[in-house]
Amino acid sequence: MPIKVCVAGATGWAGSALTRRILESTEFQLVGAIARRSAGRDAGEALGLPAADVPIAGTLAEALRVPTDVLIDYTHPGDVKARTLSALDHGVRVIVGTSGLVAADYEEIDRRAGERGLGVIAAGNFSITAALAKHFSLLAARYLPSWEIIDYAHAGKVDAPSGTTQELAEAMGQVATNKLGLPLERMHGPREARGASIGGCQVHSVRLPSYVIAFETLFGLPDERLTIRHDAGAGAEPYVAGTLLAARRVMEITGLVRGLDTLLFQA
């Protein structure tokens with residue numbers, strides 16, 4: 001039987017690419033779509049495709065009137081936590097592709113998922129190449145004592161740092177303790193110039209036109225340094241394969257799994 005999927009943000013940048021792929025799939029079945037501005041339209045027709053016989057809903061409650069296995073959320077940071085908790089209360093597993101949640105949000109989601117006996121997979125970035133860059137950074141952190149992260153995005157991105165780099169910084173802090181060359185309290189000038197401290201790592205967010213999404217993990221040693229960088233283009237296709245991989249795997253887990261790299265290398 002195909003996995004029954006509802007996509008929140010079905011007409012958005014990432015959600016539309018994902019919804020198109022699901023409509024072409026025999027492994028997944030689109031049973032619901034959420035997009036407030038397109039509510040009432042057929043999901044296929046809203047994407048310039050043949051009618052899919054799936055009306056776009058304006059709310060999660062409306063969409064989940066149809067039996068659903070997995071909710072995939074590519075919406076807004078301000079909405080995703082409440083929608084995830086509500087989906088779990090409705091007996092629906094969740095894939096969170098929206099960035100902007102913090103550690104406390106994930107702790108609450110993990111508790112609720114455990115109470116309901118359901119799985120949630122959340123990743124700041126579902127690109128397989130980004131997952132590889134994160135994996136390599138975590139590996140390097142075991143052997144190199146000092147690192148910082150630079151986070152790049154377009155000028156209009158509302159969350160800083162990105163979910164990708166927040167997730168990366170927190171994960172690296174769990175692998176090893178980052179050693180700052182000079183404690184922040186001994187610095188002269190505005191402390192903000194040294195970035196935000198996340199997981200013991202200084203994270204610097206750049207928001208300028210011409211960037212899409214990129215991050216660099218910088219490791220420094222005397223007379224040498226290592227840079228691990230990932231760049232994403234303007235299209236959403238890189239995130240589709242990783243999201244669908246998560247949609248398969250979420251059927252088998254209970255509780256929260258953070259990071260596509262966890263599914264690829266630790267599961």
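A residue is termed buried when its relative accessible area is under 20%. In the predicted model described here, Leu184 has a relative accessibility of 13% and therefore counts as buried. This residue is located in the loop that joins helix H7 (163–175) to strand E8 (196–198). When neighbours within four places in sequence are set aside, the contacts of Leu184 are with Arg191, Arg194, Ser197 and Gln202.

Nonpolar side chains in soluble globular proteins tend to be buried together. In the present model, the largest nonpolar core comprises 37 residues, and those with the most contacts inside it are Leu18, Ile22, Ile72, Ile95, Ile121 and Phe126. At least two residues of this core are supplied by each of strand E1 (3–8), helix H1 (13–24), strand E2 (28–34), strand E4 (70–73), helix H8 (240–249) and helix H9 (260–265). Apart from neighbours within four places in sequence, Ile22 is in contact with Val5, Val7, Phe28, Gln29, Leu30, Ile72 and Leu244.

The packing of two helices is described by the angle between their axes and the distance between the axes. For H1 and H8, the axes come within 10 Å and cross at roughly 60°. H1 is therefore oblique to H8, and the crossing of H1 past H8 is right-handed. Ala17, Leu18, Arg21 and Ile22 form the H1 side of the contact, while Val240, Thr243 and Leu244 form the H8 side. Classified by residue type, this contact between H1 and H8 includes five nonpolar residues, one polar residue and one charged residue.

A further helix pair is formed by H6 (residues 128–141) and H7, which pack at an angle of about 30° with their axes 9 Å apart. Angles under 35 degrees count as roughly parallel, and H6 and H7 are therefore roughly parallel to each other. H6 passes H7 in a crossing that is right-handed. On H6, the contact involves Lys134, Ser137, Leu138 and Ala141, and on H7 it involves Glu167, Leu168, Ala171, Met172 and Val175. The classes represented in the contact of H6 with H7 are six nonpolar residues, one polar residue and two charged residues.

Note on methods. Residues are numbered from 1 along each chain as its sequence is written. This is a predicted model: local features need pLDDT of at least 70, side-chain atom pairs count only at pLDDT 80 or more; totals for chains, interfaces and linings use all residues. Side-chain values use heavy atoms; hydrogens and water are left out. A nonpolar core is a set of buried Ala, Val, Leu, Ile, Met, Phe, Trp, Tyr and Cys residues joined through side-chain atoms within 4.5 Å. Buried means under 20% relative accessible area, exposed over 50%, partly exposed in between (1.4 Å probe, protein chains only). Helices (H or I, at least four residues) and strands (E, at least two) are DSSP runs, numbered from the N terminus. Contact means heavy atoms within 4.5 Å. Axes are lines fitted to C-alpha atoms, for helices over the stretch in contact, and angles run from 0 to 180 degrees between N-to-C directions. Angles under 35 degrees count as roughly parallel, over 145 as roughly antiparallel, 65 to 115 as roughly perpendicular and the rest as oblique. A crossing is left-handed if the near helix is turned anticlockwise from the far one by less than a right angle, and right-handed if clockwise. Ala, Val, Leu, Ile, Met, Phe, Trp, Tyr, Cys and Pro count as nonpolar, Asp, Glu, Lys and Arg as charged, and the others, Gly among them, as polar.
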